[in-house]
Amino acid sequence: MKKQVVAILCILVFGAMPLMAYTGLSVSTDFPSIYTSETGMITFDLKVRNYGLSPQRVNLSVTSVPNGWEHVFVGGGGVVEAVFAETDQAANVQLWVDPPEDLSAGAYSIVVRAQGSEDTFSLPLTVKTGENLPQKLSLDPELPSVRGTPDSDFTYNVSLQNNSASEVLVNLDAQAPQGFQVTFKQGYGNKEISTLPVDAGASKEVKVNVDPPQGVSQGTYKVEVAAKSSGTSASTVLTMDIEGQPELALAGPGGRLSGSAVAGREKTFTLTLENSGTAEAKNISMNSSSPRNWNVEFSPQKIDSLPAGKTEEVKATVTPSSEAITGDYNVTFGARSDMGNTSEKFRITVRTSSLWGIVAILIIAAAAVVLVFAVRRFGRR
């Protein structure tokens, strides 16, 4: 009890005593015990370190190894038997171990020895065979949710990670709503793929492109992407938030895209403006393109809104030029909204007015009557 009190008093007065620093050699590796399912060569990365000793040569040896196992130390691109360890420095070396091909499952011990002029250090290693490490895949999308219209580019960048000890061949698949098309491409190419090899511990970038069907309704849609190998699988869910989009179309009377008019006279055509899209069309304005000296007016000229699936009648009053000759002319009627526009080309057949023809006929008839009276009167003389 007195010794404990004295020790506490010493700590309070002089502070804690520093720990004794290690002096000597050491041999270390990041993974002194490993599992393997193969019988090929096994490599241990070793580090031989000199703690506080004079610079010296350190001889390396394996003092314990299973029967039939071959081994060698490799450094600097060749076989070595020793390293030189500077004071408080480390030397790197590899131990290559080659088990026999008929190796049975079990745990095997190997002991590495480092012998210097002032110290010796031994490191036990363990190799366990016959145990297959479980395969594990993961899918990690960069942006799992994308918002856009049906015409938007719904492309997702997904990282495929192979958290396994060996290469795997991965099959790619997707479950999407009816009518949606899903394709896969590697991150650096444009070629479509369905399978992809991934090295052990590596990852690859995959582009997932989702193409919605025509006329898809506004809403939220989910696509489940799956990656499958012979021993495991992984999946992730991609979300599309599709906004509605108006789709305008113009048609003439009875669906016809033609009509007739008289030069210099107004002619009114009843047009049908339809919104066949999935969202309301707003701020619609009517417009036209016509031959020179023609006049086109719309009623109404502007439409505040047209709900999806609805139609609106628009009167288009066309006045061909008074100088127009008989023939066919093209007039383009159009409608423009905040989110799109439409236009249709109408063929208008123009006839000249028959008034002057009637006047000419009357003049000719009058002249004939005058001539007859003249012949009767003066012909008798």
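Two exercises with worked solutions follow.

This is a predicted model, in which local features need pLDDT of at least 70, side-chain atom pairs count only at pLDDT 80 or more, and totals for chains, interfaces and linings use all residues. Residues are numbered from 1 along each chain as its sequence is written, and side-chain values use heavy atoms, with hydrogens and water left out.

**Exercise 1.** Find which salt bridges Arg-147 forms, and what they tie together.

Step 1. Recall that a salt bridge is a side-chain nitrogen of Lys or Arg within 4 Å of a carboxyl oxygen of Asp or Glu.

Step 2. Arg-147 pairs with Asp-241 at 3.1 Å, N to O. Asp-241 lies in strand S20 and Arg-147 in strand S12 (residues 145–148), so this bridge ties together parts that are 94 residues apart in sequence. Strands (E, at least two residues) are DSSP runs, numbered from the N terminus.

Step 3. Glu-243 also bridges to Arg-147, with the closest N and O atoms 3.7 Å apart. Glu-243 sits in the loop between S20 and S21, so here the parts tied together are 96 residues apart in sequence.

Step 4. Check accessibility: Arg-147 is exposed at 56%, while Glu-243 is partly exposed at 33%. Buried means under 20% relative accessible area, exposed over 50%, partly exposed in between (1.4 Å probe, protein chains only).

**Exercise 2.** Locate Gly-254 and decide whether it is buried or exposed.

Step 1. Gly-254 is in the loop between strand S21 (248–251) and strand S22 (258–262).

Step 2. Its relative accessibility is 79%, so Gly-254 counts as exposed.

Note on methods:
Helix = DSSP H or I, 4+ residues; strand = E, 2+ residues; numbered from the N terminus.
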